[in-house]
Number of protein chains: 2
Amino acid sequence: MAMHKYEKISVPVIRRLPRYYRFLGELLAKGVTRISSRQLSDKMGFTASQIRQDLNCFGEFGQQGYGYSVESLYNEIGHILGLDHSYKTILIGAGNLGKAVAVHMSFEKRGFQLIGIFDNDSQKIGSTVRDIVVTDLDDLETFCGKNKVDAAIFCVPKSAAQKIAGRLYNLGVRNYWNFSHYDLTVDYDDVIVENVHLNDSLMVLCYRMTKEYEET
Amino acid sequence: MAMHKYEKISVPVIRRLPRYYRFLGELLAKGVTRISSRQLSDKMGFTASQIRQDLNCFGEFGQQGYGYSVESLYNEIGHILGLDHSYKTILIGAGNLGKAVAVHMSFEKRGFQLIGIFDNDSQKIGSTVRDIVVTDLDDLETFCGKNKVDAAIFCVPKSAAQKIAGRLYNLGVRNYWNFSHYDLTVDYDDVIVENVHLNDSLMVLCYRMTKEYEET
DNA sequence: TCCATATTGTTAATTTTTTGTCAAATCAGT
DNA sequence: ACTGATTTGACAAAAAATTAACAATATGGA
């Protein structure tokens with residue numbers, strides 16, 4: 001039923017989906033059962049028109065004169081995002097950032113399952129993070145031989161990222177969530193990289209603060 | 001000299017600035033002294049036209065027939081971003097994520113200076129992160145009375161964020177870098193919030209992985 | 001059942017963003 | 001100093017994204 005129109009969905013629309021999902025989740029938790037695009041628009045700061053247009057990329061989830069059922073829209077968007085998958089995922093780097101990511105993300109609710117953590121620091125190897133034992137990075141090949149790994153999370157220094165990406169590519173891993181302060185670029189077009197640049201976000205904050213002061 | 005045109009700069013342009021800064025930093029580190037928009041375009045995956053247009057929002061930094069001086073363009077963009085400031089900043093929350101942020105970000109190079117860390121967990125209070133002693137969150141008012149705080153970083157649970165934001169607003173803090181899985185919304189329009197939603201990024205990765213599989 | 005109200009899905013208009021083009025300017029070699 | 005190759009900055013064109021408008025349809029109460 002959800003197989004509606006499959007023209008390519010634009011990047012801005014895709015980036016708004018998790019936001020819809022988040023707000024609908026909050027409404028659901030509050031026990032709200034129905035909502036109109038107008039009400040959502042007030043809450044989220046998008047226009048009602050945009051919300052309707054975004055949703056219509058994927059199907060017709062609302063009902064004229066009524067609006068949307070919070071629960072079923074929440075589920076639909078979750079499904080569109082693919083959160084009902086359970087992609088097997090490993091984490092590379094068990095430093096502060098790696099641990100924070102491992103502990104804070106509820107991977108299971110986001111379509112992923114964390115099945116291994118690797119580091120090359122002998123101090124960390126053998127320790128436990130979120131019930132997973134940190135393994136020597138040298139054992140990556142062995143591990144990937146035994147387990148089908150769908151995605152890898154990079155919480156390693158910039159200098160190490162590209163090399164490890166190469167190893168993982170050879171092991172069949174094609175999807176990367178990258179925190180390494182470095183734009184992972186891979187020549188193969190079957191690879192998906194989601195780069196997270198916390199520094200960029202911080203610099204944007206700096207820009208906005210600076211401009212604010214200049215204007216006043 | 002940099003006071004060129006101050007029509008409002010669009011959000012997409014602003015979000016690309018840190019990226020330029022990053023790539024130019026890498027070129028600088030490699031000892032490259034000059035670069036053309038075309039060469040940058042090959043490296044970064046934007047069109048040359050876009051790069052020139054973006055830069056021209058702020059001034060004329062290039063020279064016809066030559067291109068741009070890597071070093072001076074790097075410095076100009078750093079200045080545009082406001083990285084030569086030193087905004088006094090506090091971190092709220094010294095858990096895994098807070099520690100990771102404190103340790104990984106070179107605030108000094110990004111226009112900020114970390115001057116305090118707060119938590120309400122007695123286990124953490126008194127411990128040291130990056131040479132800063134973690135202080136009781138109850139002492140926030142005292143601290144802000146003694147120190148002018150420009151910005152605050154939120155690494156606290158969703159449930160705590162909004163309340164702490166209110167306290168900080170009353171203490172005169174107007175700028176927030178928010179990791180709390182919650183869109184901080186403040187009614188006052190002198191407030192700047194940069195929300196970081198790691199979950200959103202993860203969900204986008206999930207979407208892209210899912211679509212990839214569907215298409216093939 | 002009927003009517004006034006609400007709200008969607010869709011198409012059209014508008015706005016914003018990106019890309020293409022080119023004259024003017026600089027550079028490098030002779 | 002002259003010439004051909006580059007490359008910018010500016011403007012024009014194209015593409016993309018957002019907003020507006022509205023017919024079609026459902027709701028809820030009389």
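The exercises below walk through a predicted model of two chains, each task being followed by a worked solution.

Residues are numbered from 1 along each chain as its sequence is written, while chains are lettered from A and ligands numbered from 1 in the order in which they are written. Because the model is predicted, local features need pLDDT of at least 70 and side-chain atom pairs count only at pLDDT 80 or more, whereas totals for chains, interfaces and linings use all residues, and side-chain values use heavy atoms, with hydrogens and water left out.

**Exercise 1. Describe the overall make-up of chain A.**

Step 1: The secondary structure of chain A amounts to eight helices and nine strands, where helices (H or I, at least four residues) and strands (E, at least two) are DSSP runs numbered from the N terminus.

Step 2: Along the principal axes, the C-alpha atoms of chain A fill a box of roughly 60 × 55 × 35 Å.

Step 3: Chain A has 216 residues, of which 50% count as buried; buried means under 20% relative accessible area, exposed over 50%, and partly exposed in between (1.4 Å probe, protein chains only).

Step 4: Among the contacts in chain A with a separation of 6 or more, 59% come from residues 24 or more positions apart, a contact being heavy atoms within 4.5 Å.

**Exercise 2. Work out how helices H1 and H4 of chain B meet.**

Step 1: The axes of H1 (residues 11-30) and H4 (residues 70-81) of chain B come within 9 Å and cross at roughly 145°, the axes being lines fitted to C-alpha atoms over the stretch in contact, with angles from 0 to 180 degrees between N-to-C directions.

Step 2: On the H1(B) side the contact includes B:Leu17, B:Tyr21 and B:Leu28, and on the H4(B) side it includes B:Val70, B:Ile77 and B:Leu81.

Step 3: The residues of this contact of H1(B) with H4(B) divide into 13 nonpolar, two polar and one charged, where Ala, Val, Leu, Ile, Met, Phe, Trp, Tyr, Cys and Pro count as nonpolar, Asp, Glu, Lys and Arg as charged, and the others, Gly among them, as polar.

**Exercise 3. Find which parts of each chain are joined by the salt bridges of A:Arg15 and B:Arg16.**

Step 1: A salt bridge is a side-chain nitrogen of Lys or Arg within 4 Å of a carboxyl oxygen of Asp or Glu, and a search of the whole structure finds 22 of them over all chains.

Step 2: The side chains of A:Arg15 and A:Glu194 form one such bridge, with an N to O distance of 2.3 Å. Since A:Arg15 lies in helix H1 (residues 11-30) of chain A and A:Glu194 in strand S9 (residues 192-195) of chain A, the pair ties together parts that are 179 residues apart in sequence.

Step 3: A:Arg15 is partly exposed, with a relative accessible area of 42%, whereas A:Glu194 counts as buried at 5%.

Step 4: In chain B, B:Arg16 forms a salt bridge with B:Asp54, the closest N and O atoms being 2.6 Å apart.

**Exercise 4. Characterise the interface of chain A and chain B.**

Step 1: The size of an interface is often given as the accessible area lost when the parts come together.

Step 2: The area buried between chain A and chain B (accessible area, 1.4 Å probe, that the two lose on being put together, summed over both) is about 6000 Å², of which carbon and sulfur atoms give 66%.

Step 3: The contact takes 62 residues from chain A and 62 residues from chain B. A:Leu202, A:Met203 and A:Tyr207 supply 12% of the area that chain A buries against chain B, more than any other three residues.

Step 4: Eight salt bridges are found across the interface, and A:Asp183 meets B:Arg19 in a salt bridge at 3.0 Å, N to O.
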